[in-house]
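Me: I'm new to this one. Can you put it up and walk me through a few contacts?

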Amino acid sequence: MGDQLNREKHVKYFTSHLHMLPSAYTETETNRMTLAFFCLGGLAMLGALDASVTEQNKQDWIDWIYAQQIRPSDDGKNTAHAGFRGSSWSGRAFDPQSSTCEYQPHDSSHIASTYTALLNLALLGDDFARVDRSAIVAGLRHLQQDDGSIAPTYGSMERDARFIFCAAAISYILNDWSGLDIEKTVAYLRSLQSYEYAIGQCPGEEGHGGSTFCGVAALGLMGRLDDGLVNRDMLVKWGLERQSTGFQGRPNKQPDTCYCFWIGGSLDILQSFDLVNHENLRAFLMTTETRMGGFGKDATSYPDLLHSYMGLAAMSLLGEPGVQPMFSSLNCPMIALESMKKNSVYWKK
C-alpha cells in the first residue's frame, strides 16, 4: 500500500460487512454482536458512522440489539443469565420491547456480547432506557467466582483475563460497580502477573499482550492501577520490548496488527505510549493495510474485522490524520464514551 491511509476503502470495507457478512463468518454467528461493534466502531473512528448508517438503519440496529437482551423471567431462572446474547441464534421471537424473558435452556447472555452490545448502543446514540441495568449487575455477581475470577456465562468453566475486562467495562458503562467484588478482582489480577510482570490468561501462565491489555484496562477502569500492578515500570519495559516494527504478543513471535493496539493501548493507559517508536509502528501497520480495505494480521494476510478494527485503533493512538481519538480503557472510539455520558439515563444526573 501507499504512504497514506486509504480512508475511503476502509469505509467501504466496514459498511459492506455491516450490511452482509461474507460466508466465511458463518461459524462466528454467535458473535455477531461483536462483529457489529468492529464495523460500527471502525466507521466511528473514520468519522463516517453518520454518513454510512441512516437514522432508520441505526434504529433497526438498536432494536435488533435489544431483541438479544436476556431479561429476568417470572420464575427467576434467568437471574444468572441476564445480559445480551451474541446473536438471534436461539430462535426466540423478535421482541425489542420485552420487559421479561421466559427461561430457555442454553439460551444465555455472554459477558463479551453484553460488553459490545452496550458499546454498540452508545455508538448508535441510544439512551439505554431499555437496558436492564439491575438484572445485568445481578448477573455479574453470579459470574464472579470466590477467587475473584469471572466466568463468561453462568456455569462455564472458562476463566481468564478477558472476562474480567468485560465485567469492569460493563460496570463502568452502566455506572454501577455493585456487581463486582473489586477487592477480589484486584487480588486475582495480581495473581495473573508473571515473573516478567506482564499479565497471563490464568495464574502461572506466560505474560501475553491481549491479557495484559485486559488486566491493565480493567485496573484503569476501577481506578486501581497503583496497587493492582506488581511492578508498573517493569510492565512498561516488557511492553516496549515487544516492539520490533509492530508489536508481538509475547517473546519470539512475529508482530501482529492486533497487538499494536493490545500492547499500544496498554502503554497508553500507563501513560507511556510516547516511548513507542511511532515511525516503525506506522510503517508496519501500512504493510498490513490491504488494497480491498481493512487490515490483515500481517503483510501476507487477508483482512478480517478484528484486525481491521485494531489496525485503526493503533493508528488512532499514533494520531493518524482522519482517524478519531480512542478511549483505550474501554477499547472504543472516544465518541462512544461521549455519547454514553451525554445520552445514557444511567449517567445523567
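Reply: Start with Asp-256 and Lys-297, whose side chains meet in a salt bridge at 3.8 Å, N to O. A salt bridge here is a side-chain nitrogen of Lys or Arg within 4 Å of a carboxyl oxygen of Asp or Glu. The model is predicted, so local features need pLDDT of at least 70, side-chain atom pairs count only at pLDDT 80 or more, and totals for chains, interfaces and linings use all residues. Residues are numbered from 1 along each chain as its sequence is written, and side-chain values use heavy atoms, with hydrogens and water left out.

Me: Is Asp-256 buried or exposed?

Reply: Asp-256 is buried, at 8% relative accessible area, while Lys-297 is partly exposed at 38%. Buried means under 20% relative accessible area, exposed over 50%, and partly exposed in between (1.4 Å probe, protein chains only).

Me: How many salt bridges does the structure hold?

Reply: The structure holds 17. One of them joins Asp-50 and Lys-58 at 2.4 Å, N to O. Asp-50 is exposed at 60%, but Lys-58 is buried at 7%.

Me: And Arg-224, what does that residue pair with?

Reply: Arg-224 forms a salt bridge with Asp-227, with the closest N and O atoms 2.6 Å apart. Arg-224 counts as buried at 16%, and Asp-227 is partly exposed at 33%.
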